[in-house]
Amino acid sequence: LWGTADMIFAICDDENAVREQLKQYLTRLSIGLDIDITYQAFSSGEELLEKFNLSMEPFSVVFLDIEMTGHNGMEIAKELRSKMDYRGKIVFITNYIGFMGDSFDVGASHYLIKPVDYKTFEEKMKIVIQSFEAEDNYILVDSLQGDSVLLYHKDILSIHPGKVGKG
């Protein structure tokens, strides 16, 4: 059932306790569903955006808190979508229900209210993971520089055989 490729999650929350809880939940989810999940944690939206700027990390899912010091999660989500062309899933995890309507503007997959219990987390993440399987609209390619890049099917014009390395 869970035949997805490796999934990479970004956890962006200014509260360390929340970041640690999400790490534990993702580890538990990985074991329970028998899928490979890795994650990176960020304490601010600016730190997350810097990572995107430096490496174009192919995060499958980005967890964003709404209220953070510096830019709020909604601003970060808008920047990811508009300036970074991020097409992965965004899941807001917050204390505030007031931004729920705005989450549709950035194509959020879910809006979770803190504190989130594991049962609710697992239920929502199963839906997110299944949506990847249903879409199956990208491939993960390892570049010659050693990093990974998400290539969306609609962005691939053609593929040509050739030599790799020095000829």
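User: Which residue meets the side chain of D65 in a salt bridge?

Analyst: This is a predicted model, in which local features need pLDDT of at least 70 and side-chain atom pairs count only at pLDDT 80 or more, while totals for chains, interfaces and linings use all residues. Residues are numbered from 1 along each chain as its sequence is written, and side-chain values use heavy atoms, with hydrogens and water left out. A salt bridge is taken as a side-chain nitrogen of Lys or Arg within 4 Å of a carboxyl oxygen of Asp or Glu. At 3.4 Å, N to O, the partner that the side chain of D65 meets is K114.

User: How many residues apart in sequence are the parts that the pair of D65 and K114 ties together?

Analyst: D65 lies in the loop between strand 3 (61-64) and helix 3 (73-82), where helices (H or I, at least four residues) and strands (E, at least two) are DSSP runs numbered from the N terminus. K114 lies in the loop between strand 5 and helix 5, so the pair ties together parts whose separation in sequence is 49 residues.

User: Is K114 buried or exposed?

Analyst: Buried means under 20% relative accessible area, exposed over 50%, and partly exposed in between, with a 1.4 Å probe and protein chains only. D65 falls in the buried class together with K114. Because its relative accessibility is 12%, K114 counts as buried.

User: Which residues are linked with K114 in a network of salt bridges?

Analyst: The side chain of K114 also meets that of E15 in a salt bridge, at 3.2 Å from N to O. E15 lies in the loop between strand 1 and helix 1 (16-33) and K114 in the loop between strand 5 (110-113) and helix 5 (118-135), so this pair ties together parts that are 99 residues apart in sequence. E15 counts as partly exposed because its relative accessibility is 34%. The residues linked with K114 in the network are D13, E15 and D65.

User: How far apart are the closest N and O atoms of R87 and D85?

Analyst: The structure holds five salt bridges, and one of them joins R87 to D85. R87 counts as partly exposed because its relative accessibility is 29%, and D85 counts as partly exposed because its value is 44%. The closest N and O atoms of R87 and D85 are separated by 2.8 Å.

User: In what order do the elements of the chain run from the N terminus on?

Analyst: The chain has five helices and seven strands. Of its 167 residues, 41% are buried. From the N terminus on, the order of the elements is β-α-β-α-β-α-β-α-β-α-β-β.

User: Which residue of strand 2 is the bridge partner of A10?

Analyst: Six of the six residues of strand 1 (residues 7-12) are buried, so this strand is largely enclosed by the rest of the structure. Both of its faces are covered, with M7, F9 and I11 buried on one side and I8, A10 and C12 on the other. Strand 1 and strand 2 (residues 37-42) run parallel and are joined by six bridges, two strands being paired if DSSP finds at least two bridges between them. In strand 2, the partner of A10 is Q40.

User: Which residue of strand 4 is the bridge partner of F63?

Analyst: Strand 4 is mostly covered, six of its six residues being buried. K89, V91 and I93 point one way from this strand, while I90, F92 and T94 point the other way. Strand 3 and strand 4 run parallel and are joined by four bridges. The partner of F63 in strand 4 is V91.

User: What is the angle between the planes of F52 and F59?

Analyst: Rings of Phe, Tyr and Trp (its six-membered ring) pair if their centres lie within 6.5 Å, and planes under 30 degrees apart count as stacked, over 60 as edge-to-face and the rest as tilted. The structure holds nine aromatic pairs. F52 and F59, both buried, form a tilted pair at 5.5 Å centre to centre, with an angle between the planes of 50°.

User: Over the face of which residue does R28 lie?

Analyst: A charge sits over a ring if NZ of Lys or CZ of Arg is within 6 Å of the ring centre and within 35 degrees of the ring normal. One aromatic cluster is formed by F9, Y25, F63, Y118 and F121. At 3.8 Å from the ring centre, R28 lies over the face of Y118.
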